[in-house]
Amino acid sequence: MDGQFPSSLSSTIARSTPRVATLPAPATDTTPSPQTPPPNRTRRFGIAVRITLGLSVMALLVMLIGGVSMSSFRLFRAEVTVLSTNTLPEVITSAELHGSLQKLVAQLPQLAAANSTPQRRSIYDGLVTELDSMQLLVARMRGLMKEDGGDGKERDGNVRLLEQTRSTLLILAATVADLNAEVTRQIEYGDRQAEAARALSRLAAAIESMPDTGAWAARIGALMARAAGATQLDHLSRLKGEARSAERTLAELARLTGGAPDATGQMMSTVQEELFSLLVAPGGLFESAIDRLQARNRAQALTGQAQVLVETVERSTRALYDSIRDQSAERTGALAELIAERTRTVMMLAGASILLAVGVYFIFRRFLSSRLVAMNRAVLARLSGNRQTGGGAAGTVSVPAPVPVPVDGDDEITDIGASIRYFIDEIDRRQQALADNERRFRDLVEGSIQGIIIHRDFHALYANDSFAAMLGLTVAEVMALPSLLSVVAVEARQSMIDNYDQLLEGGQSTPRRRIRACRPDGAELWVELTGRRVDWRDGPAIQAVVVDVTREVEAENALRQSRDAAERALGELKATQASLIQAEKMASLGQLVAGVAHEVNTPIGITITGASQLQALIGELSDRHTANALKKSDFQRFLGDGMEMANLILSNSTRAANLVQSFKMVAVDQSSDERRAFLLRDYIDELLRSLHPTYKARAALTIDIDCPADLELDGFPGALSQILTNLIMNALVHALDPEQPGRIAIAARVMDGDMVELSIGDDGAGIAPEVLPKVFDPFFTTRRGSGGSGLGLHIVYNLVTGRLHGTIGVESRPGEGTRFTLRFPRVTAA
C-alpha cells in the first residue's frame, strides 16, 4: 500500500537505508505484507482547532485594525482634501476679495476728483481692473462652493452673500462706468470753459486798443468782468440767471451800437458778435460752465451711490469671510478630534493584538512545538543507530529496534506518532518492492522496440536486442565490437566524439540528432539517437536511445523533391500572375486614356469653332474699317459677339486643361511607384474628374465624398489611385444598373494610432453569400464570358496589404449594396 510522509523524514530514512544493487536479485516470497495504518480518531478540540481558533482571532484583530486604519485614513484624506481644495481656497479667495475692495474704496474718490484726461483714464483703468479681478474672485468662490457640495444653513447663507456680492458688483461696475462718463464730460466742459475764458481775455485786450466809445466800452468791460466771475459760481440757478442777464445786456448793447459812426459802429458790432459767440452762444462760456457744473453734480451723486454700493459689498464680503473662516476652524477642530479618537482606538487594538500573540505563542509551545521536538529526537535516534541487521537470501534486511516514540496526549500529534511507527515499518517492504520493480523495468528495457546501448569510450557495456537487430548482429557480436564508431559513417564520427566529451563534462542530456550509420555487411541506415550520462558499475558511462528512421528519411527526401517542384511551379505561376496584373493595370490606364481623350474632344472642338467664328468677326470688322463704312452699332455688335466668343474659348480651354491636368496626375501616379505627400480629398476629386468620362452617361448616378479637407497622406498615390479606380469601376460594372438611380459613397476618417479608414460603398445588387469569401481570389470572376479577368479585386488586395501595409474587408448583402473598408497607416512605412 503506497503512502506519503514528510520530505525531511524521507531524506533521513534514505540516508540510513542500504543501497540496493543495480542488477535485481531473484524474486523471493519473503516480502512483508503491508500493515494497516492506525485509524484516525475524531477530536473535539484538537491541535487544528486550536491553531485555527488562535489564528482566526489574530486575523480578526488584524483585519479590525486594518479596517479602522483604512477608515481613519479615508476620513482624514477626505477632510484634508476638502480643507486643501475647498475650505482653504475659499478663505484665501474671500480675503483677496476684501483686499481688492479696499483698493476700490481708495480709488473711487480719486476718479471723481480727476481734473485731466490722462489722470481720469489711469484711475478708471485701475478701477475696471479691480472690478474684473473681484468678478473673477466671485466666480472662483462660486466654483469652490459648488465643488464643496456640502449641505446646511451656513452654506446656503454663504451662497446668498456671494450672490448679493456678485449682483452688487455688477451694479457698481455700471455706476463706475457712468461716473467715468460724467467725469469725462466735466473735464471736457472745463477745458471748453477755459478756452472760452482765454478767448475772452484776448477780446478784452483788443477792446482796450479801440477808440474811446464811452458808455458802451464800460458796459462791455462790466459784462466781461461779470461773466468771468459768474463762471466760478457753484450754484446752478444763479449761473443760469447770470447767463440770461448777459444775454439781455448784449441785446441792449446792440441798440447802443446803432447810433455810433460807421467805422466805430462796425468795430463795436464785430466785438458784440464775438462776445455773443464767446458768452451765450451754444458752446460758449456760460453753457460750458453750466454743463460742467451739471456733470460735476451728477458725478458727485454717482460717487455717493458708488460709496453706498461699496459699503454694501464690504459688509457682504466681511460677513462671507467671517462665515468661511468659522467653518474652516470648525472643520479643523473636527479633524483633530477625529485623528485623536482613531489613534486611541488603533493603539488599543494593537495592544490587544500583542497580548493575544504572546498568549498564542505560549499555547503553541506547550501543546505543539515541544511535543514535536521530542518526537523528532526519538525518530532520529531510532533510524541512526538503534537498528539490528540480519542476512537473508534476498539481501540485507534492517529490523527497527523497539525505540519508543512518544504518543502521549489525545490529539493529532498522537496520531502522527502512530503514523511514524507505521511508516518506519513500511520502509523494508518498500525496499523489497523496489527490487521487484527494478527487475520488471529490466525486462521492459530488454523487450523495448527502441535500441538502447550503454558504452564507455565507445566500448559497449550493455545493449538490448533491438539495437543489435538494427545492425543485423546479435548482442554478443555487438559487445565484441572493438569500437562503436565502426558502425558510424566517417563524416559523423568526430561529432560523436565531441558529443561524448560534452556529455561526460556537463552531464546534461543532448537533444535528439540524426546520423548515418552502416551495418557490417555494408548496408546503410539512418538512426536518431539521444544520450545522457549514467553511473554504470565502476564509473560514468553514456546511455544512448537509438531509433531506426531510414524510412522517414527516404520519405522526407521524396517530399523535399516534390516541394522543390511545387516551388518552381509556384514561381512560374507568380511570374504569370505579375504579367497579367501589369496587363490589367495597363488596360485600366488605356481605358482611362480613351475616356479622357473622348471627353477632351468636345471642349477642344468648341474652342476651335469659337476661334474660327472670332476670326471671321475680326475680318468683317477689318473690311468695314478699310471701306470707311464702320458704324458704331457694328463695332458694339462686334464687341458683344467677340466677348461671347472669347468667353466660350476660355471656358472650354480651361475645361480641357483641367481634364488633362487631372488625367496627367492620375496617369503618372498609376504608371510609377513614386512616393510623396498628398491631400486625400483633393486626390479623390482629381481621380473622379479623370474617371468622369466613363460614367458621365449615367445621369442618375451620385458619388458622395465624405473626407476631411486637411487629411494628408504620405505614401504611394499610384497604388491608392489604382485601388479606387478598380473599386469604382467594379461597382459601375457589377453592382449598379446603368438605367436605374445609383449611389457610390466614399468616406475617409483618421482613427487611433495614426491609422486611416477609407470605405467605398454602393447601394447596388450586392454579392451573394457563397461568392463573398472568394472575391479577393485571383482569376475569380462572375463575368468570365463578358471579358472579366478576375484580377481586379485581387490587385486591390495585394496593393492594400503589400504596398500600403494595411487591411481590406468587404461587407455585402444581396439587394442592399456592398462596402469595401480599407485601413492603412497615414504614413506608409519605408
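**Labels and their cut-offs**

An open sheet in this structure has 5 strands in the order E9-E11-E12-E14-E13, with mixed pairing. The model is predicted, so local features need pLDDT of at least 70 and side-chain atom pairs pLDDT 80 or more, while totals for chains, interfaces and linings use all residues. Residues are numbered from 1 along each chain as its sequence is written, and side-chain values use heavy atoms, with hydrogens and water left out.

Q: What makes E9 and E13 the edge strands of the sheet?
A: Strand E9 (701-706) and strand E13 (807-813) each pair on one side only. Strands (E, at least two residues) and helices (H or I, at least four) are DSSP runs, numbered from the N terminus.

Q: How do you know that E12 and E14 pair?
A: Two strands pair if DSSP finds at least two bridges between them. E12 and E14 are joined by 8 bridges and run antiparallel, so by this rule they are paired. Ser759 stands opposite Thr821 in E14.

Q: What makes E3 and E4 a hairpin?
A: Strand E3 (residues 451-456) and strand E4 (residues 459-463) run antiparallel and are joined by 4 bridges. The two strands form a hairpin with 2 residues between them. Asp457 in the turn has a positive phi of about 55°.

Q: Why is Thr303 called buried?
A: Buried means under 20% relative accessible area, exposed over 50%, and partly exposed in between (1.4 Å probe, protein chains only). Thr303 has a relative accessible area of 13%, so Thr303 is buried. The residue lies in helix H8 (residues 285-384).

Q: Why is the pair of Phe776 and Phe820 called edge-to-face?
A: Rings of Phe, Tyr and Trp (its six-membered ring) pair if their centres lie within 6.5 Å; planes under 30 degrees apart count as stacked, over 60 as edge-to-face and the rest as tilted. Phe776 and Phe820 are 6.3 Å apart centre to centre, with 75° between the planes, so the pair is edge-to-face. Phe776 is buried, and so is Phe820. Phe776, Tyr797 and Phe820 form one aromatic cluster.

Q: What makes Arg803 lie over the face of Phe716?
A: A charge sits over a ring if NZ of Lys or CZ of Arg is within 6 Å of the ring centre and within 35 degrees of the ring normal. Arg803 lies over the face of Phe716 at 4.1 Å from the ring centre.
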